[in-house]
Amino acid sequence: MESLEFEELLAAAMIAKGDHIDTRDIVGKLPVEAFANHHLRAMYRVIVRLLDQVEPIDIFTVKHGVPEDTAGLVLEVARRSSSASNIKVWAKKVRQCWMVRQAKEKLNSALESLSGINTHNINDVLTEVSGELSKIQFETNDRLPRRIGDMMTDYMDVL
């Protein structure tokens with residue numbers, strides 16, 4: 001699962017939507033570490049900071065807030081997005097890719113621990129490895145939280 005495309009689409013959609021409820025919702029649930037690409041992580045960090053400071057979010061404010069080596073990419077990333085309508089789906093994909101990366105790191109760490117196992121530390125190492133493996137999480141629910149206002153029409157149809 002490659003997260004670069006999802007990260008680009010999400011950053012562009014957040015710049016396009018600006019200070020919108022969807023943007024605020026995503027910032028509340030998606031940590032900066034979820035972005036693998038350091039340029040896109042820098043853009044996301046600026047978007048989070050602008051939201052916290054109640055400043056406008058657009059191409060120019062993001063461009064002026066990122067490091068110099070990232071500033072040239074802001075316009076390019078923003079131009080690639082044709083729509084921000086799938087912003088929550090892209091946020092979920094970025095989160096899922098981050099969870100997969102975390103799981104790989106934990107599995108590699110477990111393999112490294114197991115490679116140093118011997119008869120003197122077998123129980124300690126196995127306990128440590130099983131504890132680390134139990135912390136692996138994957139987002140399996142395909143449904144995203146919905147606002148109550150969005151569900152009212154469906155609810156009224158059911159009634």
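Here are some worked exercises on the predicted model shown above.

**Exercise 1. Find out what the chain is built from, and where the confidence is lowest and highest among its elements.**

Step 1: Start with the element count. The protein chain has 8 helices and 0 strands, and the order from the N terminus is α-α-α-α-α-α-α-α.

Step 2: Turn to confidence. The average pLDDT of the protein chain is 82, and 84% of the residues reach at least 70. Among the elements, helix α8 (residues 148-158) has the lowest mean pLDDT, 58, whereas α3 has the highest, 94.

Step 3: Of the 159 residues in the protein chain, 33% are buried. Take the contacts with a separation of 6 or more: 70% of them join residues 24 or more positions apart.

**Exercise 2. Work out how α3 and α5 are oriented to each other, and what lines their contact.**

Step 1: Take the geometry. The two helices α3 and α5 pack at an angle of about 80 degrees, and their axes are 10 Å apart.

Step 2: Classify the angle. Values from 65 to 115 degrees count as roughly perpendicular, so α3 and α5 are roughly perpendicular to each other.

Step 3: List the residues. On the α3 side the contact is made by His-38, His-39, Leu-40, Ala-42 and Met-43, and on the α5 side by Asp-69, Thr-70, Leu-73, Val-74 and Val-77. By type, these residues of the contact divide into 6 nonpolar, 3 polar and 1 charged.

Step 4: Pick out Thr-70, which sits in helix α5. Leaving aside neighbours within four places in sequence, Thr-70 is in contact with His-39, Ala-42 and Met-43. Thr-70 has a relative accessible area of 1%, so this residue is buried.

**Exercise 3. Decide whether Val-54, Ala-84 and Ser-130 are buried, partly exposed or exposed.**

Step 1: Recall the cut-offs: under 20% relative accessible area is buried, over 50% is exposed, and values in between are partly exposed.

Step 2: Begin with Val-54, in the loop between α3 and α4 (59-65). Its relative accessibility is 62%, so Val-54 is exposed. Val-54 also has a phi near 55 degrees, a positive value in a residue other than glycine.

Step 3: Move to Ala-84, in the loop between α5 and α6. With 14% relative accessibility, Ala-84 is buried. Apart from neighbours within four places in sequence, Ala-84 contacts Ala-13, Ala-16, Lys-17 and Trp-90.

Step 4: Finish with Ser-130, in helix α7 (residues 122-134). A relative accessibility of 43% makes Ser-130 partly exposed. The C-alpha atoms of Ser-130 and Ala-110 are separated by 8.4 Å, and these residues are 20 apart along the chain.

Conventions: Residues are numbered from 1 along each chain as its sequence is written. This is a predicted model: local features need pLDDT of at least 70, side-chain atom pairs count only at pLDDT 80 or more; totals for chains, interfaces and linings use all residues. Side-chain values use heavy atoms; hydrogens and water are left out. Axes are lines fitted to C-alpha atoms, for helices over the stretch in contact, and angles run from 0 to 180 degrees between N-to-C directions. Helices (H or I, at least four residues) and strands (E, at least two) are DSSP runs, numbered from the N terminus. Angles under 35 degrees count as roughly parallel, over 145 as roughly antiparallel, 65 to 115 as roughly perpendicular and the rest as oblique. Contact means heavy atoms within 4.5 Å. Ala, Val, Leu, Ile, Met, Phe, Trp, Tyr, Cys and Pro count as nonpolar, Asp, Glu, Lys and Arg as charged, and the others, Gly among them, as polar. pLDDT is the predictor's confidence in each residue, from 0 to 100. Buried means under 20% relative accessible area, exposed over 50%, partly exposed in between (1.4 Å probe, protein chains only).
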